[in-house]
Amino acid sequence: MLRLLMLTAVAAGTGACTNLDEKTFDRIDASAYYESEENVAGAVASVYSSAQSGMLEYFWYLNEFPADQIAWRTWNGGMWGYDEAEKFVLSTQTWTSESAIIKSAWEHAWETIGLCNNIIYDLERIDPASIGMTEAGFKSYVAELRTMRAWCYLNNFDLWGGALPLNTTVTTDIPGSIDPNFDKGCEKMWDFIATELDESCADLTAEDGAGATRNRMNQGVNRMLKMRLLLNSEVYTGKERFAECATLCEDIIAGKYGKYNLAADYRDIYSINNQNCPEIVFAYAMEVGRLTNNNRNTPFLPYNYDEMTGYSCDQGGWNCTCLVPSKDNTGTLITTSKADGATTACGSTGAKSFIFDYGDKLGAPFDRMNDADIRKQPFQCDAAGNWKGMFFMGPQVNYDNGSPVLADADLQDYQLIYVDQVGTFTRINDDVRALEPVMSPRWGMTNSGYRVAKYPMYPASTGLDWRDADQVEFRLAEVYYTLAECRLRAGNANEAKTLVNSVRQRYYTPANVSVTEQPGPGFTAFDLDWMLSEWGLEFLDEGRRRRTDLRRFDKFTQGQWWFFGRTNEVDRQMPAKRDRKYEWYPLPQTALMVNPGLVQNPKY
C-alpha cells in the first residue's frame, strides 16, 4: 500500500532559509486527520516524494560534477550549455557562496527534514489504539521517519559539514549552526546521526526477500547509513572507525538486517522491474505520470536521443554531461561527414592516454574498465527489451532505419560521433579556443565525451517506459566494497580483492573472469589507489563519487585528473592540487543574510 501512496503523494515544502519547520497559523489537531493507518501511511509516503525531488538532482550535481568521472561541459565554442556557469563551476571546482546550484541544493536540503519533523510531532500526539494500530506498527512508521531524517542530515553533512543547523522539533525558532566551531559541529552532527539511526533501527521492518520494503526505509537502509557514517568517520570527525565498520558490514552480509543477495546479472539492478532485484536495499519508486524526476540518464542524452533509442517522450535530453575523457586531444584527426559529402574534424585517434601516458590514478573512467568487461560496449536494446552495454559511444545511427543520427550546433548536420575526448576539434570560429592537447570542459563540442546509459532506454516497440525503472540508492554491493576497503586498510589486500571480485565477477564471461586476478588498467597492486578506482567503476553515475570516495582518500582537491594543472586557461587558474576549502561546500550567501546564527564554513 505504501508504494502506491508514495507514487501519488505530494511533498509539503518548508522554508528555504534553514527554517526547518512548516509555519502553520491554524494547526488542525492531528487526531482530526490521522483516523486510520492509511492516513499515517499517506503522510509518511509524502516524505519519499519530497526526498527524491532534491536528492536525485541537486545532490547528484554536487557529488558528481566536481569529481573525476563525470563533467558538465559546454559546446559550440563554449556558448551552449554554459548557463551562466551554474554547473560549470562545479566541474572546475571554482564555486563560491553565491553559486546558484549550491543555493538550490541548500533550499531543497531542508524540505524533507521539516516534513519529517512535522509528521513525527503529529504522530507523537496520537494513541495508536485509537486509530486501530498496534504499538509496534505505529513505532515502525516513526522509525521510518527518523531514519529518513537521519539520511537527509547525512547528505547535508556530506556537503556542509559542521556549519549545519540541527533541529528535530516543531518550533518557530530558526536554528543557527550546531556549533560556532566547525570541528565541534562535525562531532555533534556525527553523534546525532549515529544515535538517531541506532535508536530507530530495531523498530523498522527487515526485508524478507520478497521486496516488500525495497521502496521504504528498512533495517538494511538504516544499517547501511550507519555503515557510511563509520566508513567516513575520519573525514567527518578526525577519528577512524574502520574496525567497527567492518563488523557492521559482516552483520549486513550475513542477513542480520534483512535478506539480500548480489545480483548475478547486473542488468537486473537497473531494468524496468528492478524492484524485484535481491541486491537492492532501497530504491525510489518511480512511475511516469505519478512520481518521476530526472532519470540519471537524462543529463547525458542529446536532444535527438529518440532517434538513437527508438523511444520518444516529453522528457528531453540535456546534452551537457559526459564522462571525463580518457584521452587527450593529440593524435591523428578523424572526420565526420554531411549528406553532401562535406567533412570536418570531430576527434582523433592515437591520442595520449591519461592512464598510460600521463600516469593518472584518477579519472579516465572508460579506459579504467577492462576491455573484457561486458558493460564496456555500446548500449543496445532490441524490440523485446533485451539490452546490453552501458555507453553511447562512436557513430550514432537511427534505431529504426540505420541512417546516421545528425549532430547540432558546432557539428550541425554532420553525423554524430561520440569521442572519448573534450576539445575544439572543428576550430570553426575565431572566438573558439584553438585545439590544445588538454582542454577544460569549457571547450567541449556537441560530440565531446562518451555518455552513460546505466538504466536501459527501451524502444517504443517494447511497450515499456524507461522512466518507470526505480532509482537505486542502496544496494548490497556497497556493503561488500565497504568491507573490502576496511580489510585493505587493515593490511589484508588479498581478502579485499576477494570481496571486490565477488561482485565484479558478474561483468566477465567464464572465459575472461580470470582477469579479476589482476588489478586492472593503470594499477600494479591491490592497493588503495586500486580500491578507489573500483569504487568508481562499480558505482559510476550513482551520485556518490565525491561524497564517499574522493574525500575519504584525500583525492578530491589533492588528486590529479584530466585538465587540472594541464590547461592554459588565462581567465581561471586550475592547479592540480586545489584549495582544501573546496572539500566542503560554502553555506549560500542568501542563507547567511537571513539567518545570523549560521557560521560560514572555514576559508570561505
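This is a predicted model: local features need pLDDT of at least 70, side-chain atom pairs count only at pLDDT 80 or more; totals for chains, interfaces and linings use all residues.
## Contacts around I193

Contact here means heavy atoms within 4.5 Å. Setting aside neighbours within four places in sequence, I193 is in contact with A150, Y153, L154, F157 and L229.

As general background, nonpolar side chains tend to be buried together in soluble globular proteins.

## How α3 meets α7

Now to a pair of helices. Helix α3 (residues 37–55) packs with helix α7 (residues 111–123) at an angle of about 170°, and their axes are 9 Å apart. Because angles over 145 degrees count as roughly antiparallel, α3 is roughly antiparallel to α7. The crossing of the two helices, α3 and α7, is left-handed.

Which residues of α3 and α7 make the contact? From α3 come V40, A43, V44, S46, V47, S50 and A51, while α7 brings E111, T112, L115, C116, I119 and L123. Sorted by class, the contact of α3 with α7 has nine nonpolar residues, three polar and one charged.

## A threonine in a loop

Finally, a visit to T516, found in the loop that runs between α16 (493–504) and α17 (528–538). Is T516 buried or exposed? Its relative accessibility is 4%, so T516 counts as buried, the cut-off being under 20%. Not counting residues up to four places away in sequence, T516 touches K497, N501, R504, Y508 and F526.

Note on methods:
Residues are numbered from 1 along each chain as its sequence is written. Side-chain values use heavy atoms; hydrogens and water are left out. Axes are lines fitted to C-alpha atoms, for helices over the stretch in contact, and angles run from 0 to 180 degrees between N-to-C directions. Helices (H or I, at least four residues) and strands (E, at least two) are DSSP runs, numbered from the N terminus. Angles under 35 degrees count as roughly parallel, over 145 as roughly antiparallel, 65 to 115 as roughly perpendicular and the rest as oblique. A crossing is left-handed if the near helix is turned anticlockwise from the far one by less than a right angle, and right-handed if clockwise. Ala, Val, Leu, Ile, Met, Phe, Trp, Tyr, Cys and Pro count as nonpolar, Asp, Glu, Lys and Arg as charged, and the others, Gly among them, as polar. Buried means under 20% relative accessible area, exposed over 50%, partly exposed in between (1.4 Å probe, protein chains only).
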